[in-house]
Structures are given as C-alpha cells and as structure tokens.
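Visitor: I would like to learn how to read the secondary structure and sheet layout of a protein chain. Please take me through an example.

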Amino acid sequence: MKLARRWTAPLSAIFLIVVAGLAFYQLRHAGTENPPPILDPQFELWVSDSQFGGSRPLVWELEYSQGSEDQISLRKTDVAGRTALEIKLFQDGGDGWVYVYMRQSIDGARLAALLNRTIGVLTFLETTCACRRASPPQSTVFGIETNDGEHTLSFLFSDAAMEPQQTPSSRTVFLLTVPGEWVFHLIDVAGEYENAKWRLPEQLRFGVTFQAPASATGWHVGYLHGFSVGAATHPIITQTGAAAAYVDALRINVREWDVVNPPCGHAWNCRAR
C-alpha cells in the first residue's frame with residue numbers, strides 16, 4: 001500500500017504536467033502574436049476534480065451551484081453520430097436554481113480574435129427539454145454567455161422565435177434550435193455589442209451556461225460538439241496582419257458542419273429569470 005501511494009503522487013503530477021503542456025501548446029500553436037480566441041474549443045482536455053465530484057474540462061473555469069439533492073454531471077460522449085460535451089442537470093424542486101457555468105477569461109490578442117471573427121457552435125437539445133413548455137417559469141437556460149464586468153451578453157438556444165431583449169447592462173439574443181437534432185449557430189460578439197450600442201470591452205469572460213429553476217424538476221441535458229472560428233466580420237479591429245493564418249489553423253471540423261441547419265437570430269425566451 002505504501003509503495004502504491006509513493007507511485008500515485010508522482011504519476012498524478014506527471015499527468016497534470018502533460019495535460020497543461022498540451023493546453024500551452026494549443027495556445028501557441030498559431031504563433032505567439034495570434035493565439036486562438038478559445039482554448040480547448042472541443043473539450044478534449046479533462047481532469048478529475050474531487051471537489052466537483054467528477055471529471056471536468058481542464059482549461060475551462062467551472063462555476064456551479066446545486067442543492068443537497070440536485071445533481072450536475074459533465075462528460076464527453078457520442079450523440080447522433082458526433083462527439084460532444086454532455087451537460088446534465090437534475091433539479092429536485094427545492095429552493096433555488098441548479099446551474100453550471102464553464103468559462104474562460106479572454107483579453108489581449110485572444111480578445112481581438114474573438115471580436116474580429118464570428119464563432120460557430122454546434123449544439124443539440126434534448127427533445128424533452130423544459131424549454132419546450134409554454135410557461136416561462138418552467139423553462140431552463142442553455143446557451144453562451146459573455147460578461148465584461150459591466151455588460152452581460154447571452155446567446156440562448158431555444159425552439160421558438162422572439163426578438164432580442166435588452167436592458168442597460170444586458171442583452172439576450174435567442175437562437176432557434178430544433179430539439180432532437182444538431183443545429184449550427186454563428187455568434188457575433190462584436191456585432192451584438194454594436195447592436196446594443198456598447199463600447200467594445202478590453203476583457204471579458206466567455207462561457208457555456210446551463211441552468212434549471214426549482215420549478216423545472218427532473219433531468220435536463222444539453223450537448224455541445226464544440227466551437228469553430230469563422231470568417232472576419234469586423235476587420236477594423238484587427239490588430240495584426242497575420243490573423244488569417246491562425247484562423248485557418250483553428251478551423252474545427254467545418255466540413256462536418258456543412259449539413260447542419262443554418263442559424264436564426266431569434267427564438268423564444270428560454271430564460272426564466
């Protein structure tokens with residue numbers, strides 16, 4: 001037993017060093033001046049987290065909240081012919097929300113890349129998603145969220161049409177997502193900042209969120225195949241002339257996504273806040 005313990009700690013440390021090295025390589029893959037806007041965009045690097053109670057993506061910061069009987073599960077799985085990140089929540093009906101928020105802090109050259117390009121995301125909603133219910137208090141929240149410390153911008157996946165909603169400090173864009181099949185969306189962060197009449201941020205947090213209120217009891221599941229970098233949409237904010245080179249290097253399975261549905265900019269409010 002003592003021998004096993006003596007070997008376990010060094011092996012764990014070696015594993016973490018190797019995984020961290022892979023993440024660092026990804027950051028530097030396209031050159032130090034033009035790093036990728038999103039690290040580990042297909043959730044390939046995982047680590048065991050005893051505090052969380054399971055595995056989680058390594059380079060994504062994890063924030064979550066759950067009651068004593070609520071459950072949260074993250075894993076890599078296969079859905080409808082594609083590898084995906086599975087986010088599963090169980091809401092026991094007690095007080096408060098159960099939620100998970102996976103995010104990255106982005107600034108500098110990575111932020112310039114994010115604001116200068118569209119970001120593609122391929123998602124899959126369960127057919128029994130509580131978002132399908134007619135009553136907003138019963139709805140769940142599944143989507144992409146950015147926060148710059150002053151403004152929150154949300155792109156929510158939903159199954160019915162609705163105009164964007166805005167307050168002085170937040171803007172929500174609804175993306176039509178048919179449950180039970182893979183759907184592709186393009187996210188234009190800089191474009192939505194322009195629509196909201198906000199100044200572009202110097203840094204922000206970019207993340208995936210999935211939430212269920214106390215009224216949405218039971219299991220809820222959402223899937224993401226990953227993120228891709230699209231064409232330049234705002235060249236005026238490009239900081240270097242080498243942007244195209246690293247964007248081409250970062251394209252992720254674009255050919256695989258050619259057959260999915262085109263994005264739609266409006267959908268029913270799946271958020272219940």
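Guide: Start with the terms: helices here are DSSP runs of H or I with at least four residues, and strands are runs of E with at least two, numbered from the N terminus. This is a predicted model. By that count the protein chain has four helices and 14 strands.

Visitor: Among contacts between residues at least 6 apart in sequence, what share joins residues at least 24 apart?

Guide: For the protein chain that share is 73%.

Visitor: What is the order of the strands in the open sheet?

Guide: The open sheet has seven strands in the order 3-6-13-8-9-11-10, and the pairing is mixed. Strand 3 (61-65) and strand 10 (165-167) are the edges; each has a single partner strand, so one side of each lacks a neighbour in the sheet. On average, neighbouring strands of this sheet are turned by 20° against each other, direction ignored.

Visitor: Which helices pack on the sheet, and which strands do they touch?

Guide: Helix 2 (residues 108-116) touches strand 6 and strand 13, and its direction makes about 110° with that of strand 6. Helix 3 (residues 189-196) touches strand 8, strand 9, strand 10, strand 11 and strand 13, at about 115° to the direction of strand 9.

Visitor: Why is strand 13 described as largely enclosed?

Guide: Strand 13 covers residues 203-212, and eight of its ten residues are buried, so the rest of the structure largely encloses this strand.

Visitor: In which sense do strand 6 and strand 8 pair with strand 13?

Guide: Strand 6 (residues 98-107) pairs with strand 13 in the antiparallel sense over ten bridges. Within this pair, Y101 lies opposite T209 of strand 13. Strand 8 (residues 141-147) is also antiparallel to strand 13, over seven bridges. There, V141 has Q211 as its bridge partner.

Visitor: How do strand 9 and strand 11 run, parallel or antiparallel?

Guide: Strand 9 (residues 152-158) and strand 11 (residues 170-176) run parallel and are joined by seven bridges. T152 stands opposite S170 of strand 11.

Visitor: How are side chains arranged along a regular strand?

Guide: As a general rule, they alternate between the two faces of the sheet.

How values were computed: Residues are numbered from 1 along each chain as its sequence is written. This is a predicted model: local features need pLDDT of at least 70, side-chain atom pairs count only at pLDDT 80 or more; totals for chains, interfaces and linings use all residues. Side-chain values use heavy atoms; hydrogens and water are left out. Contact means heavy atoms within 4.5 Å. Buried means under 20% relative accessible area, exposed over 50%, partly exposed in between (1.4 Å probe, protein chains only). Two strands pair if DSSP finds at least two bridges between them. Axes are lines fitted to C-alpha atoms, for helices over the stretch in contact, and angles run from 0 to 180 degrees between N-to-C directions.
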